[in-house]
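Me: I would like to learn how to read the features of a structure like this one. Please give the general idea each time, then the case at hand.

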Amino acid sequence: MRAVSREASTSDGALLTPRAAVLDNGLTVLIQEAHTAPLVSVWCWYRVGSKDEPSGLTGASHWVEHMNFKGTTGIGAGAFKELIDRFGGFWNGYTWIDQTTYVETATKDALDQMLFMEAERMDRCLYDADACESERTVIISELQGGENDPDQLLDIEVTATAFKAHAYRHPTIGWIGDLQAISRDELYGHYRRHYTPANATLVIVGDVEADDALRHVERRFGAIAPGAEPPRGRTTEPVQTGERRLEIVREGTTGYLKVAYHAPAATDADFAPMLVLDAALTGAKGLNLWASFRGPAPQRRARLYRALVDGGHASALSGAFVATAHPFLFMVSATARAGTPLDVLRDTTLTVLDEVCTNSLTDAEVERAKRQLRARLVLENGSITNIGHQIGFFETVAGAGVLQALPGRIAAVAPEDVARVAARYLTASNRTTGWFKPA
Amino acid sequence: MTTTSTLGLAPVRERLANGVTLLVKETRVQPAVTISATMSAGSVCDPSGVEGVAHLLSRLLDRGAGTRAADEVADILDLRGVSPLISVTRHATTVTCDCLAEDVETVLETVCDMLRAPHCVDQEIERCRGQLLTQLRQDEDSPSTRALEAVMPLLYGADHPYGRTPKGSAATVEGIDRRQLLDFHAAWFAPDRLTLVLVGDIGVSAAVALVTRVCGDWGGRAVSVPAFRPPPVPTRRRLVIPMPAKAQADIVYGFTTILRSDPAFHAYWIMNNVLGQYGIGGRLGRSIRERQGMAYYAGSMFEAGHIAGPLLVRAGVNADNVDRAIASIDTEVATMARDGVTDEELASAKRYLVGSTPRSLETNEGIARFLQTAELFDLGLDYDHRLPALVQSVTADEVAEAARRTLVTEHASIVIAGPYEAL
């Protein structure tokens with residue numbers, strides 16, 4: 001086991017120094033003591049998401065996430081979730097384009113139990129054939145539930161249109177044909193290839209003593225074989241050469257518009273200015289994908305909100321720009337107000353975005369966006385669960401050092417940086433526009 | 001008058017002379033404060049035939065208030081990264097803001113203005129009306145929302161305040177005028193109906209001084225909420241809402257239960273946990289999702305209130321599986337009514353409910369939510385401290401009695417919304 005010097009930052013500006021170690025099998029362990037409540041949060045992260053799925057296996061990472069709740073050699077089928085419930089715990093998991101993660105937060109006496117569960121999950125899941133079949137219909141039900149929502153449907157189609165080469169074009173839930181065809185052995189193979197210690201990061205935050213927690217980790221995970229380096233797709237997305245447009249016409253009551261631009265990855269120098277640009281256009285969400293599910297962004301003075309919602313064209317507006325491993329998308333979504341034709345909503349949206357591409361923002365808009373982000377970075381880390389997410393998320397999608405650097409990178413963004421990224425990314429040829437038109 | 005508890009969270013409660021209730025809990029985890037302001041006025045206060053007033057008013061609260069026009073309110077909050085979360089339930093309108101500690105004074109002033117003196121100018125009314133109408137159209141297109149909304153009139157009767165749609169209908173929302181909004185505000189929004197909870201990096205004396213300065217001079221009294229008649233005698237009802245273009249169907253299967261003040265509350269809480277929550281959806285989730293693989297979600301929710309609130313079983317399934325899923329719900333419900341819960345289930349549910357309390361009180365927002373509920377139902381300042389013993393004292397017989405009382409399949413109201421055709 002190697003100790004690693006590492007600093008991560010809480011967003012109130014105080015530097016945290018999680019105890020960092022790498023076990024001999026390659027597992028990275030980050031432990032942050034926080035003695036504010038008698039609780040501990042464990043997050044186990046894997047560098048596998050839908051971008052790591054070959055053609056024909058789309059949806060496998062997410063399906064694997066489901067299967068890894070369904071029994072191991074040491075935990076009976078059905079018992080997984082209840083183990084943590086006994087401690088009054090919260091548990092969950094999610095899969096997205098770059099990552100799969102599992103979380104448990106419970107009273108601190110549950111720590112060893114959580115580590116046991118995660119070690120079992122990493123190495124000893126069963127993949128019983130009947131359980132795989134049963135979960136196939138659960139996942140198809142999840143996909144169909146998503147299709148009931150026109151906004152989700154449009155999101156999938158716009159993303160698939162914006163990317164034609166990179167695997168970010170696949171929806172994380174997978175394509176229905178693959179979900180109907182993937183076999184138990186293919187799922188198990190995907191699990192074995194990607195669930196290796198060297199492809200994972202274990203994060204512990206809470207009322208623990210770091211040395212003691214690390215001893216528990218070593219005991220539970222130390223004997224797991226390192227495994228081979230997982231395969232990685234090498235296809236990058238070529239530069240988009242012209243605007244793409246799509247239309248979905250289906251039965252419905254409401255029109256939806258999405259405008260997406262290819263946008264920089266988390267490690268790119270353009271990432272922080274782009275965050276500020278998004279905040280000024282649609283409101284600052286902060287950086288915590290987990291915590292930001294909670295409520296709307298502060299956006300009443302945001303440029304697009306004023307034009308679309310105050311302007312009477314949309315009933316709701318949101319922007320999405322998230323830290324990702326490879327260049328992904330900046331996406332603006334608007335719900336057409338009853339009576340507003342979609343082409344009016346689109347034209348108004350594009351007029352604002354084109355204007356910002358050409359003339360950027362005012363200095364006051366940039367300053368307001370930066371101040372919003374500073375507040376959101378504090379507010380989004382109000383629990384050990386949220387802090388654990390941030391430490392593990394950035395380690396997984398962006399690598400060591402990115403999280404702690406971000407508050408400084410955002411503070412250093414100047415209006416000319418925002419002008420540069422606006423001119424570079426908000427171009428028509430970099431854009432995909434889609435709408436859902438109710439039939 | 002100041003009251004406090006020395007046990008558990010030990011919040012301080014202050015009642016100002018004008019009737020405003022203030023609860024303060026100081027925490028120093030982050031340089032941040034959660035402000036939660038609840039006005040005991042919700043959709044049940046909507047005049048009959050004008051459903052949606054409480055909802056429309058809630059959307060107007062931050063659209064100009066006190067001495068500030070809509071843009072000025074937005075400037076103040078946006079600049080500080082604050083996005084007020086405004087929610088309306090049947091009994092309350094709540095504004096929640098997380099802000100930096102350095103901004104608490106300005107943000108609290110703004111929140112109090114919003115509740116005390118919203119402008120409701122015509123231009124903003126039209127803007128918010130348009131948003132609400134669009135939301136209603138989106139709801140119409142959502143099988144889960146439609147199923148959930150349709151079960152309430154089945155359970156309570158269409159003319160009961162619990163049976164009416166809280167957001168109103170397109171027809172009622174289109175008819176609401178400025179006078180009705182202001183009348184509603186004048187009748188229901190008063191200091192003696194306001195509970196302010198401040199949790200975070202703020203001292204008790206500073207909080208009391210701040211709230212006294214900001215809303216101590218607010219006068220007036222609200223009218224009383226009338227007593228509601230209890231729900232009607234239940235019978236089995238079933239409603240299908242055809243939505244042929246949708247990919248899957250949502251099922252809501254409901255009962256009416258008990259008052260929050262009922263001594264059996266904690267037995268019901270445990271019963272619901274075993275039936276539809278523990279693990280991934282309790283017995284229902286184990287049957288419908290885990291064993292039969294029919295649904296992405298299956299579980300139940302329970303809400304005791306000022307009148308007998310609902311217990312709702314919910315599942316999202318492929319249309320071909322609707323009848324099988326309802327049969328499975330019937331089986332699980334009838335089995336629990338007949339046999340109650342096992343000792344192991346009882347022990348597990350207790351461990352979960354007791355163990356989850358510290359977690360629910362970890363964040364400022366979680367504490368604020370807990371204190372608002374405790375105040376709303378008069379549970380006492382030491383409720384968090386007493387809660388474990390209250391849960392532990394529940395017996396298997398008490399849970400079985402709760403199940404027998406409520407989980408009667410012949411009393412269930414069932415709604416199916418989606419691409420399903422009844423046989």
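Reply: Start with the element names: helices are DSSP runs of H or I with at least four residues, strands are runs of E with at least two, and both are numbered from the N terminus. Residues are numbered from 1 along each chain as its sequence is written, while chains are lettered from A and ligands numbered from 1 in the order in which they are written. The model is predicted, so local features need pLDDT of at least 70 and side-chain atom pairs count only at pLDDT 80 or more, whereas totals for chains, interfaces and linings use all residues.

Me: In which loop does B:Asp378 lie?

Reply: B:Asp378 is in the loop that joins α13 (364–376) to α14 (383–392) of chain B. Its phi is positive, about 55°, although B:Asp378 is not a glycine.

Me: Is B:Asp378 buried or exposed?

Reply: The general idea is a count of neighbours: a residue is buried if 20 or more other C-beta atoms lie within 10 Å of its own, exposed if 12 or fewer, and partly exposed in between, with C-beta atoms placed from the backbone. B:Asp378 has 9 other C-beta atoms within 10 Å, so it is exposed.

Me: What phi does B:Cys120 have?

Reply: B:Cys120, which is not a glycine either, has a positive phi of about 50°. This residue sits in the loop between α3 (104–116) and α4 (122–140) of chain B. B:Cys120 is buried, because 23 other C-beta atoms lie within 10 Å.

Me: How do I read the domains of chain B?

Reply: Domain bounds come from an automatic or database domain assignment. For chain B that assignment gives domain 1 (2–215) and domain 2 (237–418). Taken over C-alpha atoms, the centres of domain 1 of chain B and domain 2 of chain B are 27 Å apart. The contact (C-beta atoms, placed from the backbone, within 7 Å) involves 35 residues from domain 1 of chain B and 35 residues from domain 2 of chain B.

Me: Which element gives the largest share of the side of domain 1 of chain B that touches domain 2 of chain B?

Reply: The elements giving two or more residues to that side of domain 1 of chain B are β1 (2–4), β3 (21–26), β4 (32–39), β6 (93–100), α5 (143–156) and β7 (194–200) of chain B. The largest share, 9 residues, comes from α5(B). For classes, Ala, Val, Leu, Ile, Met, Phe, Trp, Tyr, Cys and Pro count as nonpolar, Asp, Glu, Lys and Arg as charged, and the others, Gly among them, as polar. That side of domain 1 of chain B has 17 nonpolar, 14 polar and 4 charged residues.

Me: What should the residues of α5(B) span?

Reply: The expected span of a helix is 1.5 Å times one less than its number of residues. For the 14 residues of α5(B) this should be 20 Å, and the end C-alpha atoms are 21 Å apart, which agrees. Of these 14 residues, 10 are buried, including B:Leu148, B:Val151 and B:Tyr156. The buried residues of α5(B) pack against β8 (237–242), β9 (249–256), β11 (310–317) and β12 (413–418) of chain B. Just after α5(B), B:Gly157 has a positive phi of about 95°.

Me: Where are the domains of chain A?

Reply: In chain A, domain 1 covers 2–221 and domain 2 covers 244–438. Their C-alpha centres lie 26 Å apart. The contact involves 42 residues of domain 1 of chain A and 36 residues of domain 2 of chain A.

Me: How many residues do chain A and chain B give to their contact?

Reply: Chain A gives 54 residues and chain B gives 56 residues. On the side of chain A that touches chain B, α2 (80–85), β8 (100–107), α4 (129–147) and α12 (363–379) of chain A each supply at least two residues. As for α12(A), 13 of its 17 residues are buried.

Terms used
Contact = placed C-beta atoms within 7 Å.
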